[in-house]
Amino acid sequence: MSRKSGGMAAYVAALFGFLYLPLGVMFVFSFNDARRNVVWRGFTLKWYKALFHDAELMSAMLTSLELALAAAGIAAVLGMLASYAMVKHKAFRGRGAYDALLNVPLMMPEVALGVGILTFLVRAGYELDFMALASSHALICLPYTVAAVRARLISLQESSLEDAAMDLGATEWQAFVKVTLPLAMPAIISGALLSFTVSFQDFVTSFFVAGIGIVTMPIKIYSMMKFGVTPEINALSVCLLLATFLLIGLNAAFAVRPDEASRH
Amino acid sequence: MGKALSWLLGGRRPLASHLLLAPASLWLIFLLIIPAGGLILLSFAKNGPYGAIVWEFGLHNYARAFDPKYLPVLFRTFAFAAATTIVCLVLGYPLAYYLTFRAGRWRNALLVGLMVPFWSSCLVAYYSWMIVLGKEGLLNTALIRFGFLSEPIGFLYTPFAILLGLVYFYLPFTVLPLYASLDKVPRSVVEAAYDLGAGRWTAFWKVTFPLSLPGVVAGCVLTFIPCLGDFLTVEILGGPRYYLLGNLISNQFMMAQDWPFGSALTSLLLAGLVGGLWLYQAWEKA
């Protein structure tokens with residue numbers, strides 16, 4: 001038994017090695033004192049220093065942060081309202097259609113989404129601006145926030161805390177503000193963090209929908225790659241990776257455990 | 001004010017539900033339905049000089065997509081998606097099995113660990129693979145150092161690099177549905193098979209594997225369909241010689257300025273997606 005699962009553990013370790021090899025490579029070579037990437041020439045922090053002195057890069061970073069904040073904010077509001085109606089309201093006509101439609105952005109190939117939005121906006125004479133891109137990102141993020149908030153609202157439903165509040169004389173609005181919203185907040189935050197991650201690292205949609213003036217971080221990295229290999233990208237990637245770890249950790253802290261809400 | 005909001009939240013009228021769903025619907029209509037409808041409409045139009053659009057309807061863009069110049073792209077896209085799905089399934093099944101039955105208290109950590117490369121930027125991971133696979137990259141250096149090679153091989157910009165990139169990115173898409181369905185296999189049924197004298201392999205092939213089939217199919221669908229529309233992998237690891245459908249579409253919109261043809265290609269991609277999902281649902285019902 002143990003010998004057999006030992007072989008399997010080795011296989012799983014090898015597979016994880018494959019998944020983490022690129023991340024490890026970028027980490028090691030971000031400290032390498034050589035322009036050519038493959039030979040180790042000693043430890044340096046100069047690529048990290050170069051990052052913070054690169055004005056274009058810093059402005060791309062800022063753009064991406066603003067974009068991710070806007071997209072996560074929009075998606076959180078849309079997702080909260082939509083999932084509230086889907087979970088709390090009594091069955092209404094068209095609910096199944098909404099249900100199916102809210103998941104479409106997840107299955108839609110990003111290339112199709114990107115060229116579709118590009119074509120529509122250009123044909124409609126709308127300039128490709130920051131709002132257009134943020135709205136497109138919000139659309140991609142919407143299924144994530146809906147899934148997170150919905151799961152939470154369903155488990156709240158089972159705890160019937162809202163019903164208790166209303167039995168005690170609260171109006172629906174008061175019950176929402178005092179009970180539902182605070183209890184749903186961890187799920188809203190968790191959905192928003194996922195959205196933030198999705199938007200921050202999105203390349204394909206931005207590639208098509210960002211106008212000429214908007215340079216996000218992934219677009220900047222892409223253009224740096226086109227100019228050739230530079231260790232600065234490794235340093236940048238490590239920073240982005242650490243940010244991702246942080247976001248995933250935060251998300252794990254906020255994520256709703258299915259049994260949690262019904263325990264009240 | 002409070003009364004109106006209570007009416008909205010109470011949802012005793014369908015109108016209240018539709019109003020709460022209105023903002024999300026607005027996004028879905030203007031950024032998903034109309035753009036997709038627009039592309040389908042545009043796919044029947046004609047391309048004029050300088051990227052102008054001539055509204056003469058016909059099937060010429062679709063005919064062009066299947067002419068010998070572009071047919072290999074469609075074929076290649078299909079082949080790469082199929083190959084990726086098979087490799088992911090073969091590599092991913094033992095992993096999902098291990099996560100379900102053997103990982104014990106490491107299970108959650110491993111599940112999160114599986115998702116981290118997926119959540120970190122794909123662009124950045126592919127950049128790293130460029131460093132590993134390049135002519136002067138790690139793989140070549142290592143192979144020469146240990147005497148397996150005398151000359152560096154160009155791993156980059158080959159079908160091998162593309163397949164590797166696709167498998168790298170889509171592996172979690174296969175593993176998670178597999179894990180979800182293996183997790184539903186009742187342990188008691190497997191133990192019953194052991195008690196009845198089945199060996200390890202017999203129990204697996206006669207009990208566990210058939211019960212995990214829904215996950216196998218779901219994993220394949222969730223890998224194959226996104227693969228059809230993949231764009232970034234070939235853009236970075238493959239190069240123009242191995243353009244897939246996604247790259248061809250991008251080229252029509254960003255370089256060639258032939259939007260009607262690009263729309264026809266996108267419509268084909270969407271048709272493949274809808275067809276695939278339809279087949280999947282038909283299988284699920286059967």
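This is a predicted model: local features need pLDDT of at least 70, side-chain atom pairs count only at pLDDT 80 or more; totals for chains, interfaces and linings use all residues.
Residues are numbered from 1 along each chain as its sequence is written, and chains are lettered from A, with ligands numbered from 1, in the order in which they are written. Local features here need pLDDT of at least 70 and side-chain atom pairs count only at pLDDT 80 or more, while totals for chains, interfaces and linings use all residues; side-chain values use heavy atoms, with hydrogens and water left out.

**View 1. Where chain A meets chain B.** Here 84 residues of chain A are in contact with 85 residues of chain B (contact means heavy atoms within 4.5 Å). Together the two chains bury about 7600 Å², and carbon and sulfur atoms give 80% of that. Buried area is the accessible area (1.4 Å probe) that two parts lose on being put together, summed over both. On the chain A side, Phe18(A), Leu19(A) and Met107(A) lose the most area to chain B, together 8% of what that side buries.

**View 2. A salt bridge between the chains.** Look for Lys226(A) and Glu235(B): their side chains meet in a salt bridge at 4.0 Å, N to O.

**View 3. Trp129(B) in the largest nonpolar core.** A nonpolar core is a set of buried Ala, Val, Leu, Ile, Met, Phe, Trp, Tyr and Cys residues joined through side-chain atoms within 4.5 Å. Buried means under 20% relative accessible area, exposed over 50%, and partly exposed in between (1.4 Å probe, protein chains only). The largest core has 172 residues, and Ile221(A) and Trp129(B) touch the most other members. Leaving aside residues up to four places away in sequence, Trp129(B) touches Phe18(A), Leu21(A) and Pro22(A) from chain A, plus Leu164(B), Tyr168(B) and Leu237(B) from chain B. Apart from this core lies another, of 5 residues, among them Val190(B) and Ala203(B).

**View 4. Two alanines of chain B, Ala63(B) and Ala282(B).** Ala63(B) is found in helix 3 (residues 60–65), and Ala282(B) in helix 14 (residues 259–285). Helices (H or I, at least four residues) are DSSP runs, numbered from the N terminus. Ala63(B) counts as exposed because its relative accessible area is 52%, whereas Ala282(B), at 37%, is partly exposed. From Ala282(B) to Phe209(B), 73 residues apart along the chain, the C-alpha atoms are separated by 21 Å.
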